[in-house]
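Student: I am new to this structure and would like to go through it with you, one part at a time.

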Amino acid sequence: MVLVAGVDSSTQSCKVVVRDADTGALVRQGRAAHPEGTSCPPDAWWAALQTAIGDAGGLADVAAISVGGQQHGMVCLDSSGAVVRDALLWNDTRSAPDAADLVTELGGGQAWADAVGSVPVASFTVTKLRWLARAEAANAARTAAVCLPHDWLTWQLAGAPGLDALATDRSDASGTGYWSPSTGEYRRDLLALALGKDVLLPRVLGPADTAGTTPAGLLLGPGAGDNAAAALGAGAAPGDVIVSIGTSGTVFSVAATPAADPTGAVAGFADATGHFLPLVCTLNAARVLDSAAAMLRVDHAELSRLALTAPAGSDGLVLVPYLEGERTPNKPDATGSLHGLTLGTSTAAHLARAAVEGLLCALADGLDALRAQGAQVERVILVGGGARSEALRQIAPTVFGCPVLVPPPGEYVADGAARQAAWVTTGQQPKWELDGLTRYDADPVPAVRARYTDARDHTLTRLA
């Protein structure tokens, strides 16, 4: 039996799965926590990866490993390969003014969509580089190479052999704001527009290319951005829409052609198989449930039970869940708001239901944006930590207006990375079966979306 390993180096933690390369059967797994915050020393990711590998029983019997990682994070290296400063993560919004400046300087959203398939927001690497040039000129001057979290970890697994060995993949490169999915080339002019100079960037590998080997001889897959890895792990194909509820909320589909949305709502990313991955991202997802549970002083199981005891629409109570600012819509300084609070809706059950519905309505806006870009929605597959909520599973069809399929709880980003490792090992994309899908059906309740839209628009008007 040939074994392969997949890594999910996410915002909050590192997970490692070891699977049979032929069947995909899970053999063992491990995990470790990451530090809190919107910036992080990359060494913390490396330490967590080592702990998670140990927790998974080590890699002595493993043939290949691949890393899926949080997208957009800015890792700057000097000419010796040393980290210049803590990495800025995707959820760090300090570069919001820089994003606005870059959009204007290139000539607007259409120019960016034409160039790289996406309009930059504070999450994107290109905006963080502009912030670095503006706010930390000395660190910008030291920077000789820029890479992403999964690139850096893959390089470390290879023994950090030199800056010219840095490698990435199409999916993660497409989230930088200076690589074009449609042409498959870096836009170094956009890199220079942001940072003020050109620097070394990782080689962009194809889905089955190898990024080298570890000192112990394990093959290294090219890796992937976390959403592309999740799509691969869930076996998504054209016509599928994945809704992932983790620290962020993402709605994405596998497409045969690249997207280019000048409004910026849909990011025109690439996937991990050679196709494309039009994607909508919200900053606020599972942590909305965390916050609601904390406010009510209950655990997640009780939050779910409470939500299911309240009526659809929470009798008019609406939560607009912009608790950490928001990316879609692009309002990095937004705050959350509660609408329709009355004596009758001032109950734990109503607030629990409003939290679940608000989270789902924000994601449903993303589903609408994908449809507007031509996405075919044949089925919705719900994954991520938030998908463990029974209330969220049952309420999702009423908000999305279509059936929802939920696979068994699992580490789908790490599983996608493991599939990629198997692909590199065998030369063939593995056909692992995704078993145990549970289907949730419910009649749509249009009033829920209508009330949310009114409350959302009121919030956005206040912020304008």
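Predicted model: local features only at pLDDT ≥ 70, side-chain atom pairs only at ≥ 80, totals over all residues.

Student: Is Gln-70 buried or exposed?

Tutor: Gln-70 sits in the loop between β5 (62-69) and β6 (75-77), and among the residues it touches are Ser-10, Trp-45, Trp-90 and Asp-226. A residue counts as buried when its relative accessible area is under 20%. Because the relative accessible area of Gln-70 is 0%, Gln-70 is buried.

Student: Which residue has its backbone oxygen 3.3 Å from a polar atom of the side chain of Gln-70?

Tutor: The contacts of Gln-70, leaving out residues up to four places away in sequence, include Ser-9, Ser-10 and Thr-11. The backbone oxygen that lies 3.3 Å from a polar atom of the Gln-70 side chain belongs to Ser-10.

Student: Which strands are the edge strands of the open sheet of 7 strands?

Tutor: The order of this open sheet is β17-β18-β16-β15-β21-β22-β23, and its pairing is mixed. An edge strand pairs on one side only, and this holds for β17 (267-270) and β23 (438-440). From one strand to the next, the twist averages 30°. The edge strands asked for are thus β17 and β23.

Student: Which residue in β18 stands opposite Ala-270?

Tutor: β17 and β18, the latter covering residues 276-282, pair in the antiparallel sense over 4 bridges. Within β18, the residue that stands opposite Ala-270 is Phe-276.

Student: Which helix gives the most to the lining of the largest pocket?

Tutor: The largest pocket holds about 920 Å³ of space and is lined by 42 residues, with Gly-246, Thr-247, Gly-384, Gly-385 and Gly-386 lying nearest its centre. Elements that each supply at least two residues of the lining include α9 (226-233), α10 (286-296), α11 (300-309) and α14 (412-426). With 4 residues, the element that gives the most is α10.

Student: How many of the 11 residues of helix α4 are buried?

Tutor: Helix α4 runs over residues 125-135, and its buried residues include Thr-125, Lys-128, Arg-130 and Trp-131. The helix is largely enclosed by the rest of the structure, because the number of its residues that are buried is 8.

Student: How far apart in space are Gly-336 and Arg-456, C-alpha to C-alpha?

Tutor: Gly-336 is in the loop between β19 (318-320) and β20 (337-339), and at 30% relative accessibility it counts as partly exposed. Gly-336 and Arg-456 are 120 residues apart in sequence, while their C-alpha to C-alpha distance in space is 9.7 Å.

Technical notes
Residues numbered from 1 in each chain as written. Heavy atoms only, no water. Buried < 20%, exposed > 50% of the residue type's maximum accessible area, 1.4 Å probe, protein only. Polar contact = N/O pair within 3.5 Å; in protein donor to acceptor, adjacent residues only side chain to side chain. Contact = heavy atoms within 4.5 Å. Pairing = 2+ DSSP bridges. Axes fitted to C-alpha atoms, helices over the stretch in contact; angles between N-to-C directions. 1 Å grid on protein atoms, 1.4 Å probe; cavity = no way out; pocket = protein on both sides within 12 Å on 5 of 7 lines; lining within 4 Å. Points joined across faces, edges and corners; volume = space filled by probe spheres on them.
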